[in-house]
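Me: Can you walk me through this one? Keep it quick, please.

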Amino acid sequence: MMNSETSPLFLPNTKTLDVTVLVFSGASLMCVASTIDPMRAANRVSGSSLFKWRIVSLDGNPAITTCGLPIAVSGAFDPADKADMLLMIGGFGTSDISRTTFTAGLRRAMHHYQMIGGIEAGSWLLGRAGLLRGRRATTHWEDMEEFTAEFPEADIRPDRYVIDGPVFTTGGASPTFDLMLHLIRSRCGMSVALDVASVFIYDEAHASNVAQPLVSLGRLDGVHPKLATAIRLMEGHLDAPLTVGAIAKRCGLSARSLEKIFAKAVGEGPGRYYLRLRLKIARRLITDTKTPLADIAARTGFSSAAAFARTFRTFEGKPPSSLRAAANR
């Protein structure tokens with residue numbers, strides 16, 4: 001079990017997590033997106049401010065990614081600023097930056113954050129600041145040999161991401177997405193994490209200690225494999241919902257066993273999760289399309305428009321007609 005399990009920021013908490021994202025020129029656009037977009041999606045699917053973030057650069061100018069696109073920032077990094085978490089996204093040239101006086105500022109900043117993370121080449125910044133001494137860490141697989149030689153006092157591993165106390169490191173864009181899903185699941189619950197993964201059609205989440213670049217299909221942090229099978233069945237039968245018993249049978253389980261799996265992993269029973277999944281699809285159709293409400297009711301498995309409206313209002317606090325009207329304003 002990794003130290004992330006006992007870190008305060010990786011425990012259930014609905015309080016807004018305040019994150020500073022420091023982007024260096026030469027970083028990958030995908031690393032930036034894998035860091036920020038899961039937080040944005042978590043806010044969207046939950047309907048609340050689970051995360052807030054501020055993007056900064058070393059000098060206050062836009063950071064230029066490897067593909068040439070600039071990342072707009074709100075200012076320059078100030079070691080005296082405070083937040084819950086500091087995420088540093090590095091890339092080409094970052095190891096040279098870490099030889100400058102920035103490392104002294106980073107050591108001071110360590111006292112102003114509960115956790116500091118080095119994403120891809122951001123791990124070099126942590127190492128040069130002495131923050132990996134005696135800790136487990138990783139970096140992009142292309143730099144692994146050089147990184148290991150540079151920081152012999154650290155326990156360098158070929159893992160996708162590593163969390164050790166108040167410091168964590170990731171090997172690149174996809175491992176960063178895995179880390180963010182782990183953070184979301186730990187703080188906000190499995191249901192929110194699954195919804196975030198679904199926003200990006202991200203079906204191949206990996207455990208932290210899967211070696212780069214090996215693939216572990218169909219996992220979300222080691223969840224029971226039958227969970228994914230059950231959810232896929234639900235997704236494939238939205239217009240004609242299956243009973244919990246039928247889903248359990250197709251998964252090779254008893255209904256009681258399936259209930260236990262969902263209760264442990266998601267925090268609610270399969271029936272309620274299935275209903276929320278249908279309503280989530282209905283909500284998207286209401287706000288993003290002009291599909292008639294009666295058709296939406298049929299497509300999401302309700303026997304009538306009236307039954308759909310009643311259920312939708314119970315969960316959403318407003319009828320589907322009101323949501324459609326607000327979306328069209």
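Me: Leaving aside neighbours within four places in sequence, which residues is Asp 195 in contact with?
Reply: Val 45, Tyr 273, Arg 276 and Lys 280. Contact means heavy atoms within 4.5 Å. This is a predicted model, where local features need pLDDT of at least 70, side-chain atom pairs count only at pLDDT 80 or more, and totals for chains, interfaces and linings use all residues. Residues are numbered from 1 along each chain as its sequence is written, and side-chain values use heavy atoms, with hydrogens and water left out.

Me: Where does Asp 195 lie?
Reply: Asp 195 is in helix 7, which covers residues 190-199. Helices are DSSP runs of H or I with at least four residues, strands are runs of E with at least two, and both are numbered from the N terminus.

Me: Is Asp 195 buried or exposed?
Reply: Buried, because its relative accessible area is 8%. Buried means under 20%, exposed means over 50%, and partly exposed is in between (1.4 Å probe, protein chains only).

Me: How much of the protein chain is buried?
Reply: Buried residues make up 50% of the 329 residues.

Me: What about Ala 33, where is that?
Reply: In helix 1, residues 29-46. Ala 33 is partly exposed, with a relative accessible area of 36%.

Me: How far is Ala 33 from Gly 267?
Reply: They are 234 residues apart in sequence. In space they are 29 Å apart, C-alpha to C-alpha.

Me: Zooming out, how many helices and strands does the protein chain have?
Reply: It has 14 helices and 10 strands. The radius of gyration is 22 Å, close to the 20 Å that the globule rule gives for 329 residues, so the chain is as compact as a globular protein of that length. That radius is taken over C-alpha atoms, and the rule is 2.2 Å times the number of residues to the power 0.38.

Me: What does the C-alpha trace span?
Reply: About 65 × 50 × 35 Å along the principal axes.
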